[in-house]
Amino acid sequence: MYALVDGPIDVPAVRAAVAQDTAGAILVFHGVTRDNFEGREVVELAYEAYGPMAVAELEAIGREVEARWSGARCAMVHRLGVVPVGEASVVIAVSTPHRAACYEASRYAIDTLKARVPIWKKEIYRDGSAWKANAETPSS
Amino acid sequence: MKVRVLYFAALREARGCREEEVEVPVGTTLGDLYASLFPGDRVPVAYAVNQVYAAASEAPSDGDEVCFLPPLGGG
């Protein structure tokens with residue numbers, strides 16, 4: 001499951017997408033919107049995506065996870081539009097036969113998503129707004 | 001030749017539209033196209049042609065979908 005959605009993410013569905021009898025570990029990572037940035041109060045966040053390319057990149061990252069960690073299965077869903085503070089903007093589920101690989105694969109998936117998937121975030125403050133860049137962004 | 005250029009985030013706001021068709025000379029690189037459409041101060045971007053990452057030195061072909069990707073914020 002690799003998708004962009006406009007409303008709240010169906011977390012049980014993301015988890016179910018990676019369930020397999022060979023799995024000894026399942027991690028479900030929630031990226032959650034925070035209420036502040038460097039002391040400024042964030043009222044809400046809004047995400048937009050280059051949809052077809054974003055889904056293609058999510059699928060490519062999923063294939064990389066499944067090729068790199070034997071027996072891994074991966075699912076990623078990112079929310080678009082306004083996401084209220086405290087709600088999940090992204091949910092990544094990974095299952096593997098053993099837990100060590102699961103932690104590695106989950107970390108790889110979110111780090112690579114932030115670096116490669118064409119999605120943008122606007123933070124709306126009480127006193128303004130700004131497009132926020134990830135530290136991992138590939139722009140040169 | 002013509003290419004379709006897509007804009008997102010800060011570039012969409014700066015350009016005032018989500019996409020447009022642009023006439024460009026054959027051989028124009030992505031880096032040159034970005035500089036010509038956004039003269040002056042430019043945010044650093046990555047490039048995509050037909051939804052695949054591309055280098056600034058690559059030249060799109062007639063009918064291609066080009067996108068300048070400002071710093072990403074997903075996650």
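**Figure 1. The four-stranded open sheet of chain A.** In chain A, 4 strands form an open sheet in the order β1-β5-β7-β2, and the pairing within this sheet is mixed. The edge strands are β1 (2–5) and β2 (25–32) of chain A, each of which pairs on one side only. From one strand to the next, the twist averages 10°. The structure shown here and in the legends that follow is a predicted model. Between β2(A) and strand β7 (residues 88–96) of chain A there are 8 bridges, and these two strands run antiparallel. Within this pairing, A:L27 has A:V94 of β7(A) as its bridge partner. In general, strands of a sheet pair through backbone hydrogen bonds, either parallel or antiparallel.

**Figure 2. Helices α2 and α3 of chain A against the sheet.** Helix α2(A) packs on the sheet, where it touches β1, β5 (73–79) and β7 of chain A, and its direction makes about 145° with that of β1(A). Helix α3(A), in turn, lies across β2, β5 and β7 of chain A and runs at about 145° to β7(A).

**Figure 3. The packing of α2 against α3 in chain A.** Two packed helices are described by the angle between their axes and the distance between the axes. Here the axes of helix α2 (residues 51–68) of chain A and α3(A) come within 10 Å and cross at roughly 150°. Angles over 145 degrees count as roughly antiparallel, and α2(A) and α3(A) are therefore roughly antiparallel to each other. The crossing in which α2(A) passes α3(A) is right-handed. On the side of α2(A), the contact is made by A:E57, A:I61 and A:V65, while α3(A) contributes A:A105, A:Y108, A:A109, A:T112, A:L113 and A:R116. Sorted by class, this contact of α2(A) with α3(A) has 6 nonpolar, 1 polar and 2 charged residues.

Figure 4. Residue A:D111 belongs to helix α3 (residues 99–116) of chain A. The C-alpha atom of A:D111 is separated by 14 Å from that of A:H78, although the two residues are 33 residues apart along the chain.

**Figure 5. The side of chain A that touches chain B.** Across the two chains, 24 residues of chain A are in contact with 17 residues of chain B. On the side of chain A, the elements that give two or more residues to this contact are α2, α3, β8 (119–125) and β9 (128–132). By class, the side of chain A that touches chain B has 14 nonpolar, 6 polar and 4 charged residues.

**Figure 6. The five-stranded open sheet of chain B.** In chain B, 5 strands form an open sheet in the order β2-β1-β5-β3-β4, again with mixed pairing. Strands β2 and β4 (52–54) of chain B stand at the edges, each with a single partner strand, so one side of each is left without a neighbour in the sheet. The twist in this sheet averages 35° from one strand to the next. Strands β1(B) and β2(B) pair in the antiparallel sense over 5 bridges, and the bridge partner of B:V3 in β2(B) is B:V22.

**Figure 7. Strand β5 of chain B and its two partners.** Strand β5 (residues 65–69) of chain B is mostly covered, with 4 of its 5 residues buried. Strand β1 (residues 2–6) of chain B runs parallel to β5(B) and is joined to it by 3 bridges, and B:V5 stands opposite B:V66 of β5(B). Strand β3 (residues 46–49) of chain B, by contrast, pairs with β5(B) in the antiparallel sense over 4 bridges, and here B:A46 stands opposite B:L69 of β5(B).

**Figure 8. The loop position of B:T28.** Residue B:T28 is placed in the loop between β2 (19–23) and α2 (30–37) of chain B. B:T28 counts as partly exposed because there are 15 C-beta neighbours inside 10 Å. Leaving aside residues up to four places away in sequence, B:T28 touches B:L33 and B:A59. The C-alpha atoms of B:T28 and B:E58 are separated by 8.2 Å, and these residues are 30 residues apart along the chain.

Technical notes: Residues are numbered from 1 along each chain as its sequence is written. Chains are lettered from A and ligands numbered from 1 in the order in which they are written. This is a predicted model: local features need pLDDT of at least 70, side-chain atom pairs count only at pLDDT 80 or more; totals for chains, interfaces and linings use all residues. A residue is buried if 20 or more other C-beta atoms lie within 10 Å of its own, exposed if 12 or fewer, and partly exposed in between; C-beta atoms are placed from the backbone. Two strands pair if DSSP finds at least two bridges between them. Axes are lines fitted to C-alpha atoms, for helices over the stretch in contact, and angles run from 0 to 180 degrees between N-to-C directions. Angles under 35 degrees count as roughly parallel, over 145 as roughly antiparallel, 65 to 115 as roughly perpendicular and the rest as oblique. A crossing is left-handed if the near helix is turned anticlockwise from the far one by less than a right angle, and right-handed if clockwise. Two residues are in contact if their C-beta atoms, placed from the backbone, lie within 7 Å. Ala, Val, Leu, Ile, Met, Phe, Trp, Tyr, Cys and Pro count as nonpolar, Asp, Glu, Lys and Arg as charged, and the others, Gly among them, as polar.
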